[in-house]
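Please keep the sequence and the model in view while reading.

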Amino acid sequence: MSHDSRTAPRICPLCEATCGLTLTIEGTTVTGARGDRDDIFSRGFICPKGASFGGLDADPDRLRVPLVRGDDGELREAAWGEAFDLIAARMPDLVKAHGPQVVGVVLGNPNVHTMAGFLYPPLLLGALRTRNVFTASTLDQMPKHVSSGLLFGDAHAIPVPDLDRTDHLLLIGANPLESNGSLCTAPDFPGRLKALRRRGGTLTVIDPRRTRTARLADRHVAIRPGADALLLAALAHTLIDEKLADPGPLAEHLEGLDELAAALAEFTPDAVAAACDVDAATITAIARELAAAPTAAVYGRIGSCTVEHGTLASWLVDVLNILTGNLDRPGGALFPLSATARAPRNAEPGARNAVPGKGFALGRWSSRVSGHPEAKGELPIAALAEEIDTPGEDRIRALVVIAANPVLSAPDGDRLDAALADGLDFMVSVDPYLNETSRRADVVLPPPPPSQSAHFDFAFNNFAVHNQVRYTRAAVPLEDGRMDESEIHARLILAVSGLHGTPPSAVDDLAVDTALTRAGAPKELAAGLTGESGPERRLDLLLRLGPYGLTLQRLLAHPHGIDLGPLQPRLPEVLRTRSGRVELLPEPIAADLPRLRRALGDRSAPLVLVGRRHLRSNNSWMHNVGSLTGGSNVCTLQIHPDDAARLGLADGDTARIESSGGGIEAPTEITDTVRSGVVSLPHGWGHSRPGTRLSVAAAHPGANVNQLLDGTLLDPLSGTAVLNAIPVTVTPAQ
């Protein structure tokens, strides 16, 4: 370290693990990143993404000033004032002329990795008054939100496995050694799984691929892709049929246990075995092992969500935790309590059940073209293209895209790309890159790199496997000519609201006033809030209103975080159902079960496609970092040796893959880590479109797997695109 070097703590914003980093900084440049050994949550763990923080932060392809589309149709650099002037001149007039529903909003995953991306979009949606909201959730996690909403009355009440205390962990559709976890915030997930094994616990992994996680398991079950819900239903049936189900103290909080038993009666191990390609004896053994374990947790993720029965699979994960008495139990699956959560209001001490809530409703409105029902206030992102390019009243004419790249991440990117190019009157993109989607915008507003931004995990602390709280201020000052991300969002809200020219602080003042009103707190509390910015004042307020009564000043005094203790049982306080109980068989679930019963007779196509994750990337938004390219982070078609021989493919050959949405080509990687009848391509590639400024990604473009999909196949309850278990044909490329 040179004499002018210094270090600064920073929470890593590059995946859900939220590891603590120690950045080495020379001047205003991040020259290194290592794990923060003093971080109270991650204890020094770091993955390749975190180690590449400096390279991502200093990426020369990052935009530094706004881009505005000129009269010649080309994007050019512009001053911040000009960019917001254009938004203020165009967006309110479009809404005035055609109504609020002609505006669509698209939110990508990176939003939950920044303070501004979490705090401001709800205010933007309130200002626009549009129901045309699309997010990355309908490409990954919406089934879990829907099942939690139906079971517990709150779509954000998602129990997480108590990794550090469980005796038995069953993972289905999850590969945390490469994804670092999802809806389960756990730094050093690999180390936690190894600790489970060291203390004599059992790890069972259900996955059609022999992933790094599966190689660590005591039992790996190579299920046929898409059959997750059938297998989980058979496990639940076995627990009930063999009288192994024992909810224990949960029983007094349950409604519908007898109805559940009847609903699952047909899903015997023998009945599902052929469809799952898992023998009945193995299914029965797994169920008995779950029941016999002192504590156990079932955890399902993306692989079990992005299939035809994703919501049913997500529901059955929690049904298994309930039937074994492991929901809301140390060592099982518990509900975290973050420092900014709503203070508990349900049930007085000793009360049997929660105070009845409003419950959770689906389908309060539907999409214009195909009539897709909303879920959690969102419409399927797979329907975005048709909402733009199909004529009619309330056709989407204007789009605000924040930290999203749906041309790559959503089905049928070609159609969406054409819709963005030809079907919109105006488009704004908040993005640090000119990527496959933002290249179509009329205005691009680039946020600063992460070193120049403060960080607090509003979202991921709600899914953390240990209650804790951490905050880091910007490691380096904001560069001249840049605008803080929170100010970008605030000015955008004012511009679309017809309030252009109002000080950005007015947005935060309104947010503080609204939060105080909703909490029933005295307005005088606002005067005592501390912080150097609007987001810090809002954070201070949420901490004060939260369950631990913390403050920003106390958090700043603990730069490596505050340990708030292990997860604790929280029922019935988390329940928001109308009955005040866990509703085991909600009506939408019961209505969808006949569709699952019909799947008992289905047989998979000769070859089906599944996705996969890479440790060195997070979807499409890290493919422009040189240090993260190469190695295993490549876009290849993995195929079993038997299938390759049958199809006449050799390792390294270019294969042609075709499905309902079209065809793509990718190099072949022959490996027995995928079961026969299955091929695998990673998500987020396809950086070959002209007009982007992604030099590293363009040099290794890969193939866009989502171009194989036409966007018509969705999980009906959640609107989530079916991205796994897709029938494909594979041939040698000509």
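A polar contact is a pair of N or O atoms within 3.5 Å; within protein, one atom must be able to donate a hydrogen and the other to accept it, and residues adjacent in sequence count only if both atoms are side-chain atoms.

## Basis of the report

The model is predicted, so local features need pLDDT of at least 70 and side-chain atom pairs count only at pLDDT 80 or more, while totals for chains, interfaces and linings use all residues. Residues are numbered from 1 along each chain as its sequence is written, and side-chain values use heavy atoms, with hydrogens and water left out.

## The chain as a whole

The secondary structure of the chain comes to 25 helices and 29 strands; helices (H or I, at least four residues) and strands (E, at least two) are DSSP runs, numbered from the N terminus. The radius of gyration is 25 Å, close to the 27 Å that the globule rule gives for 734 residues, so the chain is as compact as a globular protein of that length. That radius is taken over C-alpha atoms, and the globule rule is 2.2 Å times the number of residues to the power 0.38. Along its principal axes the C-alpha trace spans about 70 × 70 × 60 Å.

Of the 734 residues, 60% count as buried. Buried means under 20% relative accessible area, exposed over 50%, and partly exposed in between (1.4 Å probe, protein chains only). Contact means heavy atoms within 4.5 Å. Among contacts between residues at least 6 apart in sequence, 73% join residues at least 24 apart.

## A four-stranded parallel sheet

An open sheet is formed by four strands in the order β11-β10-β9-β13, and the pairing is parallel. β11 (219-221) and β13 (297-300) stand at the edges, each with a single partner strand, so one side of each is left without a neighbour in the sheet. From one strand to the next, the twist averages 15°. Two strands pair if DSSP finds at least two bridges between them. Strand β10 (residues 202-206) pairs with β11 in the parallel sense over three bridges, and I206 stands opposite V221 in β11.

Two helices lie across strands of this sheet. Helix α8 (residues 189-198) lies across β9 (168-172), β10 and β13, running at about 125° to β10. Helix α13 (residues 280-292) lies across β9, β10, β11 and β13, at about 135° to β11. Axes are lines fitted to C-alpha atoms, for helices over the stretch in contact, and angles run from 0 to 180 degrees between N-to-C directions.

Five of the five residues of strand β16 (residues 426-430) are buried. F426, V428 and V430 point one way from the strand, and M427 and S429 the other way. In a regular strand the side chains alternate between the two faces of the sheet.

Strand β15 (residues 398-402) runs parallel to β16 and is joined to it by five bridges; the bridge partner of L399 in β16 is M427. β16 also pairs in the parallel sense with strand β17 (residues 443-445), over three bridges. The bridge partner of V430 in β17 is L445.

## Two covered helices

All eleven of the eleven residues of helix α6 (residues 142-152) are buried. What covers them includes α14 (302-305), α15 (310-323), α23 (587-598) and β26 (714-715). G153 follows α6 and has a positive phi, near 85°.

In helix α10 (residues 228-241), twelve of the 14 residues are buried, including D228, H237 and T238. At 1.5 Å a residue, its 14 residues should span 20 Å, and its end C-alpha atoms are 20 Å apart, which agrees. The expected span is 1.5 Å times one less than the number of residues. K243, which comes after α10, has a positive phi, near 55°.

T472 is found in the loop between β18 (467-469) and α19 (485-496), and is buried, with a relative accessible area of 4%. A polar atom of the T472 side chain lies 3.4 Å from the backbone nitrogen of I11. Not counting residues up to four places away in sequence, T472 touches P9, R10, I11, A454, H455 and P559.

R76, in strand β5 (residues 75-77), is partly exposed, with a relative accessible area of 38%. The side chains of R76 and E82 are joined by a polar contact of 2.5 Å. The C-alpha atoms of R76 and V443 are separated by 9.5 Å, although these residues are 367 apart along the chain.
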